Amino acid sequence: MTVEASRETQTPVDLVTLSIDDVEVSVPKGTLVIRAAELVGTEIPRFCDHPLLEPVGACRQCLVEVPDAGNGRGFPKPQASCTLEVAPGMVVRTQVTSPVAEKAQHGTMELLLVNHPLDCPVCDKGGECPLQNQAMSHGRGESRFAETKRTFPKPLAVSEQVLLDRERCVLCARCTRFSEQVAGDPFIALVERGARQQVGIGPSTDEQAFGDRPGADGSSGGAQPFHSYFSGNTIQICPVGALTSADYRFRSRPFDLVSTPSVAEHDACGAAIRVDHRRGTVMRRLAGDDPEVNEEWVTDKDRFAFTWSRQDDRLRTPLVRDPDTGELVPASWPGALAAAAAGLREAAGKVGVLPGGRLTAEDAYAYSVFARVALRTNDIDFRTRPHSAEEAAFLAARVATVQDVATRDLETASTVLLVGLEPEDEAGTLFLRLRKGSRHGVRVAAVASHTTRGLAKVGGELLTARPGEEASALDAIQDSDGSADVGLDARSVVLLGERLASSPGAFSAAVRLAERTGARLAWVPRRAGDRGAVETGCLPTLLPGARPVGDAEARADLAAAWGVRSVPAKAGRDTTSILRAAARGQLRALVVGGVEVDDLPDPALAREALAAADFVVSLEVRESDVTRAADVVLPVAPPVEKSGTFVTWEGRLRPFGRVLDVPGSLTDVRVLAGIAEELGAPLGFRTTAGAMRSMADLGPWDGERVAAPDLAAPEAKEPRGGEVVLATWRQLVDDGRLQDGQDRYRATARRAVLKASAATLAAAGVEPGDVATISTDLGSASFPTAVADLPDGVVWAPGNNGVHLRGALGADHGSTVRLTAGGAS
Amino acid sequence: MSHDVTPPIDEATTAELRELMGRYPQARSALLPMLHLVQAVQGSVTSEGIETCAELLGLTTAEVSGVATFYTMYKRRTMGTHLVGVCTNTLCAVMGGDAIFERLSDHLDVGNDETTADGQVTLERIECNAACDYAPVLTVNWEFLDRQTPESAVDLVDRLRAGEPVQASRGATITSWRDAERVLAGFEDGRADEGPSAGDASLAGLRIAQERGWSAPPIPTVADSETADEVARSKETAEAEADTRRAEDETVAEESAADVKGGGSADG
Amino acid sequence: MADTLTPVLSRGWADERSWTREAYEARDGYSALRTALDMAPEEIVALVKDAGLRGRGGAGFPTGMKWSFIPQDTESPGGGNPKYLVVNADESEPGTCKDIPLMMANPHELIEGVVIASLAIRAEQAFVYVRGEVLHVVRRLRAACREAYEAGYLGADVMGSGRRVDLVIHAGAGAYICGEETALLDSLEGRRGQPRLRPPFPAVEGLYASPTVINNVESIASVPAIVRGGVDWFGSMGTEKSKGFTLYSLSGHVKRPGQYEAPLGITLRELLDLGGGLRDGAELKFWTPGGSSTPILTAEHLDVPLDYEGVGAAGSMLGTKALQVFDQTTSVVRCVLRWTEFYKHESCGKCTPCREGTWWLVQVLQRLDAGQGREGDVELLLDLCDNILGRSFCALGDGATSPITSAIQHFRDEFEAGMHTPSAELFPPAASTLFAAEVSA
């Protein structure tokens, strides 16, 4: 892997020269005066202006004098610099050199403060408030307004998570514009008129209780609270304290907080965040600013879901199973490491490794080296969800060390084709960039089961595919018949989701499509650690840096770098094979990282394997089904307590530093290094930095790569009577454990609804809106229903919203399930 | 008409809402008429009405609420059978509108935007209704009642409450506020031919001109026309003028404090 | 030299059932459309441009020039999109009352103008955005529109020409700001009527982001006469830069308020003479030349020519030619307060100076009106106006300051008196009413 994708296209720009406060400056044509002024060091005060929102010119705070518009004539009145584009020869005078501009700004500021309460001492925004700051720097000393201020009953809950104090609002409309323009979720809007204008939700602005109203994704209309996956961004861009987080409200003062830049751990986007803590407790998280990755936006999950690592079930000390009582009992670190090593030594040659997909690249690398050097095996697989050999081949051939597509490309691509990927749910900040692209002319199409809200928001075309039949749909696009043309060419991007692993031939068909059209491919997994695990070789057939296990030269290269005699040559088992082998006694021990049993492709098999294995070592943050079954439990640090690097879906490295210094909170690197040393086979590093150095020294493989898979699309299968094919994925806000502890945030989840065509529902005797049940031999799940444009015989249900489909039904994307009317019997 | 029970938005109304949507190149343009129709059916803009419009147009309820609360003709409380508006904008107020409002308020025992106990009359102060030459002006269900006095206004509301027929000064026989809203939504009621073409004030200048034999100059015969030449000249200058158009438009936008006008704007 | 009054738009208003197609055709109605159908669109644009017709809605922008801004070349921005004509019939400016009687008595002249203007700019879809609070006008417009369709003046094949012009009569819902053309467009798109940023200008990105002309009712209704009469005929009325006939609306303390259609450039003195003068015993105190947004004038301005240039030179604006006349019984403070309350009520809320400024101005004026003003209140009013004028997003904020600053300029003493004496004491309201027993001298 290489450092930082650098795909910025350098197109020549026309420069315009103008004068601002008597300083000449040249800026690209189309630049707004307010931003040109920043280049000469003048900060013009502003509220409604935001560089990522369309100019609106509403607050009138940024007025400047323009004695010459560039045509020899001046504007007779002050101009809003946030809406005025530069022109050659233009002369601009800001508050720095123009008494007129200064007076205009003072005047606006005074008017803004006329109805603003004097509650700064109790306001969350106090201390980091643009209004407060600019009132100090650009305001009059005192107000001439002595009358009664406008008041509202406070606060209005626009959602369970976001509160609105209307009297503080300066009506800049940043929040409503963000929701409409960026998120595509206009659930808040300006309501009323004139001096009574305010932000509200419909239909009644004073309605505080939402009752059991259906959510944004529900089937019927109704009062819609601000249930946007991106709602928290409005809190952050609010230039006053009008929008606040229900969780954070009155909890802290900005000057009490220590801020640390970091990277969000919830998806593969690598969104920059800022983590604010006070005396060892994280109080809130904010979006960081990274134009290449997330601009200034994060998902609500990135922002609000940070208490998962401080739940009561957090593991604080190593545990070792007492051979006499059979109970897990606390142990010292040296004792636990020794016990782990002893158990693994006992099972030598028969150990499987399941690192999971949440690791930093350094931790994943430690697992990869640990398997090969300390355990002498390739039985390692990070994939804790359905997977296939085809997928592994695809990852080795077309993903590891490849950086063909960057987030920014989604703004300039001719077409973006989504396959088996629902970015709004699975990669939120990628979705926002895609939406930005679609608003600027990027064509979007999706091979999917139905038109989702997310697809509609990017104006996407649906290329309907039944789950499991994505391959034929891909083969039909721009084939020799020229049919199904979605405009794919060398400027296009095809984004592949991880659930294609359960659709035979899909990755192969995607490769064929790319070769046919010249479009670039990228794989967008769900988890923050997935791509890093690919890069570091946490796969049975792939070694770090895209080195094929089957390539002797690659193994020799690696052995030399690691200072070991050899690297195992035999291809390893994948996750399912490892579990099956453990269940059958062919593998005797398991080393398991952050893995939820219900996430595994066959949870029942996993439980069987955990029970059957002689020895299980678990490296976990919190108690889980794995830790409860383990013989040695080694508590490891959550991201907030360590440094590390996530690798984004683009292949971009996203290093982050430690936020909280918690003594005894160890990284996976450190723990695995300790066991390896006990085993007498040291990893060659003990620290995150050391792991990174080792990876960097290793570099990417420049030899021959694994061939891309080329499986044919399977024949279409007709489900039997009463059965339907399941389409499913995890929604952004759901019951995932990394969202534990955030009840208000969880309350903003979309309502769990089963979607199907009218004919499918009718065939099962279900009235749209009524409850229906899907079931397998293992279990069932019931949902209210809604009609959507799915193909007949297919239903969609959320993966883990109320019911964990894989855990409860053993059902996945592409599974066959029974559909019946009514609730579970 | 009973106001205790709000009729639901039934299928017939939904069909009419869809019909309104079909009258425009883009369906959302029908939102104002649709809200008028909701009022005609339900007596106010109800939550149900907002939700129905949102669903039909693919909008959020916040977006529809934003529109419904922006315009003063949309009412959030169930209205009386008749909406009596008293113009209390400056000219009408000075000419007697304030006195009329006070008198009506006393007589009906209601304040601004309130409805009489019998549900017959909602009283409202209204802004200038473009009938200044008939000041002081009242409206009943948005029909004009010109040159009113406190006495005539009291008589008017008494007749309305008694269910007696009332003829607008320049308009039709008074029906009801809901019926009026239905017309505003876009459904004709066959009353366009009622009432005069114009009131006396509208004809003031015309009458004098007729008396004195004044008129616009006679229209020249076709032979006198130099239209063709002028067209040619105009084409020559068109390009030069086009170059300046942004500047001129901006100048208008910038310099015209009269930009917001009754029925007017920076227009030509 | 044209006659003092020149009824053109109003010439048929007294006709029997003047609003019907039959009556309109009987006075040569729709003959201009026949002429226009034989002209190239560019010729119609040139004709209106050469005639010098200027917008009758307030700003006086040349109508033909506005039409010529519509991109007709498919290569230029917006040129490939459909074009729209929108008639601004949202007559709401206090004092303004000309378009309503025009549409009530003579809706077909407007519709004929709509069809001709649509042909000129190659629009196939036109709208009349009429304020909702005038029920009978909406009825007459809809009926006229229906009749015009029935007669083939509107529709897919206008008078057999193969040209299409469709018309929708659209009723607003009560918002003065919708008279501002970009707010009107947002409203017509089913949104809150808040003004849009310019550029892009409506001529390029207007309704549905397509090229759009927005014209006032009277402007469009004047087009058929220009087509019938020609450039020279139109120019034989009015002044050099303010050509043609127009409706002056006289209201207030005059004997015969009403509509007076005259060549541009007539004076208030002439109009008052025609209108029988002020009511008995009354003296002219102040007047608005064109609605409440135009700075007030006084008796010293009686001989100002009421055209765009003349009124501008007198420090005000021609506006909508809404001449509201107030006599000596009237409290200027009371009037200014009421107008300011109107602007506060109608401020759309989008920009700070207008939203907060009008809200504050009302509070200051209320205490002056109540005789409870504070030291410095007059200076405060002027300074607030300075912070609103030219700082607001659109002209509504500017208009809100006009009555205040002009009234203080002419009647500062009355505002100063508000520090101690209620306006109702100085000027008992009863004396100002239409039904006052007599006017006290």
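Here are some questions and answers about a predicted model with chains A, B and C.

Residues are numbered from 1 along each chain as its sequence is written, while chains are lettered from A and ligands numbered from 1 in the order in which they are written. Because this is a predicted model, local features need pLDDT of at least 70 and side-chain atom pairs count only at pLDDT 80 or more, whereas totals for chains, interfaces and linings use all residues.

Q: How many helices and strands are there in chain A?
A: Helices (H or I, at least four residues) and strands (E, at least two) are DSSP runs, numbered from the N terminus. Counted that way, chain A has 25 helices and 34 strands.

Q: What is the radius of gyration of chain A, and what does the globule rule give for 825 residues?
A: The radius of gyration is taken over C-alpha atoms, and the globule rule is 2.2 Å times the number of residues to the power 0.38. Chain A comes close to the rule, so it is as compact as a globular protein of that length. Its C-alpha atoms fill a box of roughly 85 × 60 × 55 Å along the principal axes. The radius of gyration and the value from the rule are 28 Å and 28 Å.

Q: What percentage of the residues in chain A is buried?
A: A residue is buried if 20 or more other C-beta atoms lie within 10 Å of its own, exposed if 12 or fewer, and partly exposed in between, with C-beta atoms placed from the backbone. Applied to the 825 residues of chain A, the buried share is 59%.

Q: How many residues of domain 2 of chain A are in contact with domain 5 of chain A?
A: Domain bounds come from an automatic or database domain assignment, which places domain 2 of chain A at 147–309 and domain 5 at 723–821. The centres of these two domains, taken over C-alpha atoms, are 28 Å apart. Two residues are in contact if their C-beta atoms, placed from the backbone, lie within 7 Å. On the domain 5 side there are 18 such residues, and on the domain 2 side there are 22.

Q: Which helix of chain B gives the largest share of the side that touches chain C?
A: Here 96 residues of chain B are in contact with 133 residues of chain C. Several helices of chain B give two or more residues to this side, including helix 2 (31–42) and helix 9 (227–243). The largest share is eight residues, and it comes from helix 5 of chain B.

Q: How do the residues of the side of chain B that touches chain C divide into nonpolar, polar and charged?
A: Ala, Val, Leu, Ile, Met, Phe, Trp, Tyr, Cys and Pro count as nonpolar, Asp, Glu, Lys and Arg as charged, and the others, Gly among them, as polar. For this side of chain B, the division is 50 nonpolar, 27 polar and 19 charged.

Q: Which residue stands opposite C:N88?
A: Strand 1 (residues 83–89) and strand 2 (residues 123–130) of chain C run parallel and are joined by seven bridges. The residue opposite C:N88 lies in strand 2 of chain C and is C:Y129.

Q: Which helix of chain C gives the most to the side that touches chain A?
A: In this interface, 24 residues of chain C are in contact with 26 residues of chain A. Helix 13 (332–346), helix 14 (352–369) and helix 15 (377–388) of chain C each give two or more residues. The most, eight residues, comes from helix 14 of chain C.

Definitions and conventions:
Two strands pair if DSSP finds at least two bridges between them.
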